[in-house]
Amino acid sequence: MRVGIIGAGIMGLSLAQRLSARGLRVTVFERESQAGGLATYHDYGPFCWDRFYHVILSSDTYLIEYLNEIGLGDRLRWNAGRSGLYAKGQFYSVTTTMDLLRLPLLGCMEKLRLARAVLACNRIRDWRELETVPVDEWLIRMCGRATYEAFWKPLLLAKLGAQYKRVSAVFIWSYITRLFSTRDSSTQRNQLGYVAGGYRTVIDRLESLLQAAGGTIRLNTPVQAIEPASHAGMLIKTDGMQEHFDKVIWTGPIDAGSPLAKQGLVSIAASGGPIEYLGVICPVLVTRRALLPYYTLNLADAEVPFTGVIGMSSLVSTEETAGYYLTYFPKYVPSDDPEFQLADETITQRFFLGARRLFPDLQTSDVVGLHLNRALKVQALQVLNYSTRVPQVTTRHQDFFVLNTSQFVNSTLNNNAVIRAVNEFVREHHGSFTSDTDHAAPALLTGSRT
Ligand SMILES: Cc1cc2nc3c(=O)[nH]c(=O)nc-3n(C[C@H](O)[C@H](O)[C@H](O)COP(=O)(O)OP(=O)(O)OC[C@H]3O[C@@H](n4cnc5c(N)ncnc54)[C@H](O)[C@@H]3O)c2cc1C
């Protein structure tokens, strides 16, 4: 059986690896010149690391199991992660319970309410009850406005940009439960991990496993159309070429411009209109010295032109980054925001003004390089009642499937959820994806018994 997969992100690559390991002949189509999608790598000059920041939590059981399965278990590295908050011109650690108790921005009563909200979140089992409540409304109700302004709002801004107001309380529930399930009770810290060599190690391994199983990745090959073939299977069309596959799986975002929508291959049963995507604009600074001791820094400062700071080198050994320090400055904006059209120089100038406000002693001589990475479609905005809007993608053809991250309804965007979705897909559609050897197996078994 020949399977065509569109998208060589972690979803497409892991799906391709799983199916090719079962004897199916898989071809992956990727429009970019490099595999990996949002988890791909970037050449920072003296070293390569993830284009966008990635961390693995000790509770990412599906992902960790998968990394073990593909032989990368011994490349996992773990560290105690630290979190910080920048407010009123000061940096505060908000890593341990003791840090929160000492935080001067909150009074005693406010700290108690903060702890209560976190505990309440951990007790909620049915996330649907939170879907109708805006996240800011829920947090203000649980913790009071002062705690919301000082603590939660910077966190929401760091994760979602200004669009956080439209998101339901499911977001903070999934964030807190994911983060706290990784907490080491003895150190009161979150165990954070990465793969030595960054996600490039994972992408390279998946590519080589796929190729060893007879699969192919076609880079620089945007899929322009997918159509049902006249008898059975599907045709994938790319730049004047067309190829027949028995089954086709789409892993990219779904929107009005995608080949799917044009060909009417999917009916998107959703009550609330099209899915809105958030994008990210992310300057990345390579420096000769460490800028901050935190992995995540949330910002309560409207003057700063980014919504969070990720101190990658507080997690990743500088041996991985040629002795330099790597810091990401993400800003999440809707994918149709005019900010995406700004010239690199404009973003860079604004960025340096903000960076100097945060780190006044940052010298030009400290900077080895600034890289500006952008991604237009990162994650679906999980607005109120998102589970009723999520595309219930009924494909209109038995040989065509869609599996993508916009279908995650109670989870933040992460690769643990991606691997879980791939595992479920392979299990659920086991009968539809059979290799020639699968068909031959019963005969062989019968033969060996007689
Ligand atoms: C800033 C940022 C921080 C993140 N932090 C973390 C983290 O700390 N931990 C974590 O686990 N996850 C994190 N993630 C999420 C993680 O990167 C995603 O879960 C993952 O990359 C999603 O993979 P995917 O394959 O589903 O989608 P994508 O990576 O978007 O892959 C889809 C692929 O399809 C291709 N494609 C689309 N249309 C076509 C077409 N017509 N023809 C051919 N190819 C096409 C695209 O080019 C792309 O390569 C982060 C993401 C971002 C952006």
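Arg113, Leu114, Arg116, Ala117, Ala120 and Cys121 of helix α4 meet Trp138, Ile140, Arg141, Met142 and Cys143 of helix α5. This is read from a predicted model. Sorted by type, the residues of this contact come to eight nonpolar, no polar and three charged.

How do the two helices lie against each other? Two packed helices are described by the angle between their axes and the distance between the axes. Helix α4 spans residues 108-123, and it packs on α5 at an angle of about 125°. The axes of α4 and α5 are 8 Å apart.

Now follow α5 to its other partner here, helix α6. Helix α5 covers residues 135-143, and helix α6 covers residues 145-160. Their axes are 9 Å apart, and the packing angle is about 140°. Roughly antiparallel requires an angle over 145 degrees, so α5 and α6 are oblique to each other. The crossing of α5 past α6 is right-handed. On the α5 side, the contact is made by Val135, Asp136, Leu139, Ile140 and Cys143. On the α6 side, Arg145, Thr147, Tyr148, Trp152 and Leu156 take part. These residues divide into seven nonpolar, one polar and two charged.

Ile140 and Cys143 are in the contact with α4. Ile140 and Cys143 are also in the contact with α6.

Next, move along the chain to aspartate 366. Where is it found? Aspartate 366 is in the loop between α10, residues 344-358, and β22, residues 367-380. Is this aspartate buried or exposed? Its relative accessible area is 11%. Buried means under 20%, so aspartate 366 counts as buried. Its side chain has a polar partner: a polar contact of 3.1 Å joins it to the side chain of arginine 289. Setting aside neighbours within four places in sequence, aspartate 366 is in contact with Val286, Thr287, Arg288, Arg289 and Asp361.

Finally, step back to the whole chain. The secondary structure comes to 13 helices and 24 strands. Of the 450 residues in the chain, 54% are buried. Aspartate 366 is one of the buried residues. Take the contacts between residues at least 6 apart in sequence: 72% of them join residues at least 24 apart.

Note on methods: Residues are numbered from 1 along each chain as its sequence is written. This is a predicted model: local features need pLDDT of at least 70, side-chain atom pairs count only at pLDDT 80 or more; totals for chains, interfaces and linings use all residues. Side-chain values use heavy atoms; hydrogens and water are left out. Helices (H or I, at least four residues) and strands (E, at least two) are DSSP runs, numbered from the N terminus. Buried means under 20% relative accessible area, exposed over 50%, partly exposed in between (1.4 Å probe, protein chains only). A polar contact is a pair of N or O atoms within 3.5 Å; within protein, one must be able to donate a hydrogen and the other to accept it, and residues adjacent in sequence count only if both atoms are side-chain atoms. Contact means heavy atoms within 4.5 Å. Axes are lines fitted to C-alpha atoms, for helices over the stretch in contact, and angles run from 0 to 180 degrees between N-to-C directions. Angles under 35 degrees count as roughly parallel, over 145 as roughly antiparallel, 65 to 115 as roughly perpendicular and the rest as oblique. A crossing is left-handed if the near helix is turned anticlockwise from the far one by less than a right angle, and right-handed if clockwise. Ala, Val, Leu, Ile, Met, Phe, Trp, Tyr, Cys and Pro count as nonpolar, Asp, Glu, Lys and Arg as charged, and the others, Gly among them, as polar.
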